[in-house]
Amino acid sequence: MRTLVVIGGGPRAAGLLERIAAQSPSLELAVHVVDPYPPGAGRVWRHAQSPLLRMNSMAEDVTVFTDSSFDGAGPVRPGPTLAEWGDVEPTSFPSRQVQSKYLAWFFDHVRESLPPNISVTVHQARALKVVGNWVWLDSGESLRAEVLVLALGHLDAEPEPEHRKLADHASEHGLVYVPPLYSADADLSEVTGDVVLRGFGLAFIDLMVLLTEGRGGRFVRSGQLEYLPSGAEPTIYVGSRRGVPYHSKTGYRLQGTRPALPNFFVADALRGRELDFRGDVWPLMAKEIAWGHYHELFTGHPGLVRMPFTEFAVSFAALPWYSAEMRELEELAVPDPADRVDFERLDRPLAGLTFASGEEFQEYLRAYVEADVARRSDPRHSADLGAFLALLSVYGQMSQVMPYDSWWHGYFSYLASGPPPDRLEELLALSRAGIVRFVGADMWVEAVDGAFVAGSPTTPEVVRANGLIEARLPTHSLSRTADPVLRSLRAVGDVSEDDAGLVRVTAEGRLINERGEVDPVRFAVGPYTTGKAYAAFARPNTNAPAFRQNDRLALEILRTLGD
């Protein structure tokens with residue numbers, strides 16, 4: 001009997017187990033899954049969180065099963081999407097509790113469908129350390145691992161120096177400071193009065209919900225959406241580098257033909273070359289995303305363009321994205337500037353804008369958000385969905401070319417991983433009610449005079465607050481990790497980090513130690529590694545990178561075990 005220990009029991013571990021089973025190994029294998037949180041869902045997707053928190057993906061766009069698009073070595077084993085399994089509206093955005101049940105069911109389904117030569121034991125405990133081949137648990141157990149996989153998911157980190165200073169200031173002056181962490185784990189019980197939220201992405205949306213509707217307020221619709229406060233809400237001041245929220249998810253389907261991807265950003269053509277992200281890689285990525293946009297504009301809305309798509313496509317293919325000739329082609333073929341692609345304007349929509357007062361800026365940003373919701377809800381703008389599909393293609397290939405550029409990862413999330421449109425409608429209602437106020441772009445925060453003070457070049461308004469919440473996940477690095485297993489491995493030099501603090505692994509996922517040696521029996525996968533992270537579940541029919549990664553890792557594990 002061979003033994004495999006997997007530390008982390010979330011959707012990544014469940015997907016890996018499914019791929020191991022799909023390979024139909026002949027060896028007798030005992031798998032031990034270690035996680036204090038429920039198997040399948042894990043920490044992030046655990047059922048024990050607010051029912052108000054929702055996914056930012058539609059139910060029909062969530063699956064944990066391979067399908068006919070999958071080109072991995074293992075066989076396809078199809079199964080229901082979240083919409084099919086839960087019998088929920090395909091275009092709805094379910095609660096995280098619904099997703100938790102789907103992931104828990106998937107884990108049980110995988111375990112029940114295993115052949116008799118594979119057993120799975122779940123240890124609902126925390127792994128404290130790894131010493132040699134032994135894994136020590138806080139339950140007092142120890143497990144011998146012939147192969148070890150770290151599927152740790154999103155990890156906590158020790159505070160950065162700035163966060164320690166802010167926490168000390170809060171403690172000294174009786175203020176509230178919440179450092180970067182997963183929103184469902186945040187203790188918000190002491191948040192009252194005026195509070196600054198630094199960050200305008202998905203974490204902000206979660207925190208906004210918990211601090212308003214989560215405190216008894218209600219949204220009602222009489223024409224436009226209105227918010228009826230409970231009186232327990234703080235006043236929320238929000239800003240960020242861009243100063244605007246993530247773009248809303250689209251609420252429509254393609255009106256034209258689905259673009260064949262990829263066309264211009266093709267990993268196979270770039271792999272192995274010495275590349276500069278801005279000079280070599282981004283222009284091809286931008287052209288690919290623009291291709292998805294224009295393919296849908298021309299095939300779905302021929303009345304909005306001035307030439308046949310075949311004519312446009314020939315010229316588009318021949319021109320570099322950042323060329324005067326490409327701009328001339330766009331102006332010639334696409335009469336409305338709102339239908340053209342401007343990546344730089346999309347990235348910094350408030351660049352160069354200033355307002356005479358905070359109130360003037362509130363009105364401007366409300367109009368901006370209203371326009372975004374309207375655009376993402378109107379099929380006339382389905383070219384945005386074409387761009388989204390191309391974004392997914394580019395994102396899935398990027399790790400095969402070079403490490404993710406930090407700007408690119410944030411830009412992708414801003415464009416493609418935004419909230420459901422009704423969340424932005426709620427943001428607008430909270431703004432109109434005076435519960436949420438917008439600070440602006442390039443927001444600064446200082447701890448001075450017994451308060452947190454915030455402002456932005458966008459307006460002259462300066463905010464004085466008694467609370468500050470970092471509305472984002474912590475930036476993980478091995479040197480600051482709060483994970484006890486990684487700490488134990490680092491203490492003896494069995495793991496190492498790259499310049500960004502990520503745990504170094506080979507292409508197969510094997511750990512690389514401080515001496516540059518490859519570990520023969522220990523693997524790691526997830527967002528804290530150089531192996532690049534993909535969402536552990538995916539959209540159907542996209543040959544999901546996570547499923548291919550799981551498949552390769554499963555094969556490598558079985559080879560190591562001698563199957």
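Which residues line the second largest cavity?

Reply: This is a predicted model, in which local features need pLDDT of at least 70 and side-chain atom pairs count only at pLDDT 80 or more, while totals for chains, interfaces and linings use all residues. Residues are numbered from 1 along each chain as its sequence is written, and side-chain values use heavy atoms, with hydrogens and water left out.

The lining of the second largest cavity consists of Phe65, Thr66, Asp67, Ser69, Phe70, Arg539, Pro540, Asn541, Thr542, Asn543, Ala544 and Phe547. A cavity here is a set of points, on a 1 Å grid over the protein atoms alone, where a 1.4 Å probe fits but cannot get out, and a lining residue has an atom within 4 Å of a point. The space in the second largest cavity comes to about 40 Å³, where a volume is the space filled by probe spheres set on the points, and grid points are joined across faces, edges and corners. By class, this lining holds five nonpolar, five polar and two charged residues; Ala, Val, Leu, Ile, Met, Phe, Trp, Tyr, Cys and Pro count as nonpolar, Asp, Glu, Lys and Arg as charged, and the others, Gly among them, as polar.

The count is two cavities of 30 Å³ or more, and the largest cavity has a volume of about 50 Å³. The largest cavity is lined by Gly15, Glu18, Arg19, Val64, Phe65, Thr66, Phe106, Ala536, Phe547 and Asn550, and the elements that give two or more residues to this lining are α1 (11-22) and α16 (545-561). Such helices are DSSP runs of H or I with at least four residues, numbered from the N terminus. With three residues, α1 gives the largest share of the lining of the largest cavity, which divides by class into five nonpolar, three polar and two charged residues.

For context, the second largest pocket holds about 620 Å³ of space, a pocket being an open set of points with protein on both sides within 12 Å along at least five of seven lines. Among the 24 residues that line this pocket, the closest to its centre are His247, Asp342, Leu346, Arg375 and Asp384. The largest share of the pocket lining, six residues, comes from α11, and by class the lining of the second largest pocket has 15 nonpolar, two polar and seven charged residues.
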